[in-house]
Amino acid sequence: MGNLFLQERERWWVWLVWGLIGCLSSGFVLSLTHQQIMGFTVPSLLVLAITVWMSYSKRFEFFRAFRVLLVIVTFSFFPSLLDALLPIDKLSVAMLKGGLVLVFGILLCIFCAWFAKRPKQYY
């Protein structure tokens, strides 16, 4: 029956640590390859791995999983976002790249949270 009346408290420091691990791995890959697509691949794989664990544990509702994944994506996409925004030779191109990074991160969070949500329980 799951946790019908149990309200779980979120341990945000754990998710912040996972976000920092994603940030460090993304920055390391960006420094080695200098390709923006590789900077997105590593944190995306990290988020997908955490999503598989969330789906396996069956303890996360959609909005709880979305909040957790958004925190992880925010920290782990930070080097990729800086790489997209920093060479500001044309402001419009930099803003378009930054917007695409943010939209991709939010869409990734929505898809992964939908996959990680626990199934409906019938009583």
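The axes are lines fitted to C-alpha atoms, for helices over the stretch in contact, and the angles run from 0 to 180 degrees between N-to-C directions. The model described here is predicted, so that local features need pLDDT of at least 70 and side-chain atom pairs count only at pLDDT 80 or more, while totals for chains, interfaces and linings use all residues. Residues are numbered from 1 along each chain as its sequence is written, and side-chain values use heavy atoms, with hydrogens and water left out.

The secondary structure of the chain consists of 5 helices and 0 strands, where helices (H or I, at least four residues) and strands (E, at least two) are DSSP runs numbered from the N terminus. Along the sequence the pattern is α-α-α-α-α. Taken along the principal axes, the C-alpha atoms fill a box of roughly 60 × 25 × 20 Å. Of the 123 residues in the chain, 32% are buried; buried means under 20% relative accessible area, exposed over 50%, and partly exposed in between (1.4 Å probe, protein chains only). Among contacts (heavy atoms within 4.5 Å) with a separation of 6 or more, 77% are between residues 24 or more positions apart.

Two packed helices are described by the angle between their axes and the distance between the axes. Helix α1 (residues 12-33) and helix α2 pack with their axes 8 Å apart and at an angle of about 150°. The two helices, α1 and α2, are therefore roughly antiparallel. Their crossing is right-handed, a crossing being left-handed if the near helix is turned anticlockwise from the far one by less than a right angle, and right-handed if clockwise. On the α1 side the contact includes Trp15, Trp18 and Gly22, and on the α2 side it includes Pro43, Trp53 and Met54. By class, the contact of α1 with α2 has 11 nonpolar, 6 polar and no charged residues. Ala, Val, Leu, Ile, Met, Phe, Trp, Tyr, Cys and Pro count as nonpolar, Asp, Glu, Lys and Arg as charged, and the others, Gly among them, as polar.

Helix α4 (residues 78-85) and helix α5 (residues 91-116) cross at roughly 160°, and their axes come within 8 Å. Helices α4 and α5 are therefore roughly antiparallel to each other, and the crossing of α4 past α5 is right-handed. Leu81, Ala84 and Leu85 of α4 meet Ala94, Met95, Lys97, Gly98, Val101 and Leu102 of α5. This contact of α4 with α5 has 7 nonpolar, 1 polar and 1 charged residues.

Helix α5 has 26 residues and reaches 37 Å from its first C-alpha to its last, close to the 38 Å expected at 1.5 Å a residue; the expected span is 1.5 Å times one less than the number of residues. Its buried residues include Ala94, Gly98, Cys112 and Ala116. The buried residues of α5 pack against α2, α3 (62-76) and α4. Thr51 is located in helix α2 (residues 36-57) and counts as buried because its relative accessibility is 2%. Residues up to four places away in sequence aside, Thr51 touches Leu69, Cys112, Phe115 and Ala116.

Most residues other than glycine have a negative phi. His34, in the loop between α1 and α2, has a positive phi near 60°. At 65% relative accessibility, His34 counts as exposed. Lys58, in the loop between α2 and α3, has a positive phi of about 55°.

Conventions
Angles under 35 degrees count as roughly parallel, over 145 as roughly antiparallel, 65 to 115 as roughly perpendicular and the rest as oblique.
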